[in-house]
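Look over the sequence and the model below.

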Amino acid sequence: MFSGLDFEASSGNLLAVVGPNGSGKTSLLRLIAGLLVPAGGAVGLEGGEAELTLPEQSHYLGHRDALKPALSVLENLSFWRDFLGGTAGDLGQCLAAVGLSHATHLPAGYLSAGQRRRLSIARLLVARRPVWLLDEPTSALDTAGQELFTGLMRDHLAGGGILVAATHTPLGIDARELRMGGAT
Amino acid sequence: MTALSALIRRDIRIALRVGGGALIGVLFFLTVTVLMPFAIGPDLALLTRLGPAILWLGALLASLLTLDRLFTADHEDGSLDLIVMGRAPLELACAAKALAHWLAAGVPLIVATPVLGLLLNLDATATSAVALTLLVGTPALTFTGMIGAALAVTLHRGGLLLAVLVLPLSIPVLIFGVAASQAAISGDLPFGTPFSILCALSLVSLVVGPFAAAASLRHGLD
């Protein structure tokens with residue numbers, strides 16, 4: 001897929017992975033998330049909690065929303081809070097932060113694409129993880145949603161977090177760029 | 001532990017909601033057992049003799065029917081990625097999912113057995129023997145089936161492949177399940193021997209299943 005790739009992302013910084021379709025942006029993120037095994041090389045986190053691996057300290061926001069249509073918005077979110085070991089006491093606050101506080105008891109199956117994306121973004125807020133791996137995070141979001149998400153990313157960076165985002169559209173934050181080559 | 005209990009609660013809740021699939025297995029079990037007397041005919045002695053085998057076969061096929069959704073649903077919506085990344089060990093997460101599946105889809109089969117036993121002319125002793133062997137044997141079906149479900153997770157329409165992979169593993173369970181039930185009914189043979197082997201099969205699958213499924217999930221994700 002790709003080779004000879006050497007990069008680093010540091011605390012408080014956004015690394016934007018850019019490149020044409022099929023250049024391996026998603027594969028790179030999944031590799032960092034430990035979902036793909038690299039044929040060679042390694043990815044590591046310096047200064048994190050020593051007992052935990054990099055994937056265990058990362059949030060992964062992929063193309064798929066990881067939502068269950070049969071469960072309500074609140075049930076979906078509280079499951080991920082419990083599963084990810086989050087400590088967010090007030091889920092209503094997290095839902096308000098992504099503009100979904102009016103839909104807490106609606107089954108997730110009734111949400112629009114943009115609302116589903118907002119709900120999966122709320123997942124990033126219920127458990128603290130220093131590294132956020134975002135794959136096309138703003139797809140399906142409206143302008144207000146994109147601004148809202150930019151604010152959340154700024155908060156995360158201000159708190160010393162690391163962001164790695166594969167994107168085609170500028171995210172509104174100063175970023176170091178990692179340019180992936182064309183499909184070969 | 002919070003993570004695992006959250007996973008179990010979520011899976012059971014989804015299974016019990018509309019379209020969740022917990023009832024599909026029971027309905028299939030019911031259909032097979034209800035149709036059998038019509039196919040075999042009104043020979044009560046024959047029905048009694050075949051009863052335990054029919055119930056076991058129905059339960060085996062019913063549990064196969066629902067197993068293919070065990071990981072596929074989570075894979076399709078991306079939850080499986082997050083479960084693999086999670087801090088809870090994947091082996092335990094697999095065991096939790098299998099346990100939830102057994103509680104939602106396996107236990108109803110056992111509960112339905114006494115009712116279905118009536119249709120097959122089984123008396124109280126025979127029915128309770130079958131129910132007891134199912135109670136001990138169905139966890140083995142779920143936990144070995146989980147290995148197949150994990151192997152077939154990335155395949156679309158992997159249900160048939162799952163059946164082919166899992167059936168050989170479930171044959172011993174079927175043999176000793178039916179043997180123990182027959183022994184309890186006829187009384188010629190000791191009940192303890194096949195029943196102990198059935199328990200052993202279940203215990204082995206409880207240990208081997210989660211490890212095999214987790215290994216397969218780690219390497220099989222695309």
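**Chain A and a helix pair in chain B**

This is a predicted model, where local features need pLDDT of at least 70, side-chain atom pairs count only at pLDDT 80 or more, and totals for chains, interfaces and linings use all residues. Residues are numbered from 1 along each chain as its sequence is written, while chains are lettered from A and ligands numbered from 1 in the order in which they are written.

Q: How many helices and strands does chain A have?
A: Elements here are DSSP runs: helices are H or I with at least four residues, strands are E with at least two, numbered from the N terminus. Chain A has five helices and five strands.

Q: Why is chain A said to be as compact as a globular protein of its length?
A: The globule rule is 2.2 Å times the number of residues to the power 0.38, and the radius of gyration is taken over C-alpha atoms. For 184 residues the rule gives 16 Å, so chain A is as compact as such a protein because its radius of gyration is close to that, at 16 Å.

Q: What percentage of the residues in chain A is buried?
A: A residue is buried if 20 or more other C-beta atoms lie within 10 Å of its own, with C-beta atoms placed from the backbone. Of the 184 residues in chain A, the buried share is 37%.

Q: At what angle do H1(B) and H6(B) pack?
A: Axes are lines fitted to C-alpha atoms over the stretch in contact, and angles run from 0 to 180 degrees between N-to-C directions. Helix H1 (residues 2-16) and helix H6 (residues 90-119) of chain B have axes 9 Å apart. Their angle is about 35°.

Q: Which hand does the crossing of H1(B) and H6(B) have?
A: A crossing is left-handed if the near helix is turned anticlockwise from the far one by less than a right angle, and right-handed if clockwise. The crossing of H1(B) and H6(B) is right-handed.

Note on methods. Buried ≥ 20, exposed ≤ 12 C-beta atoms within 10 Å, placed from the backbone.
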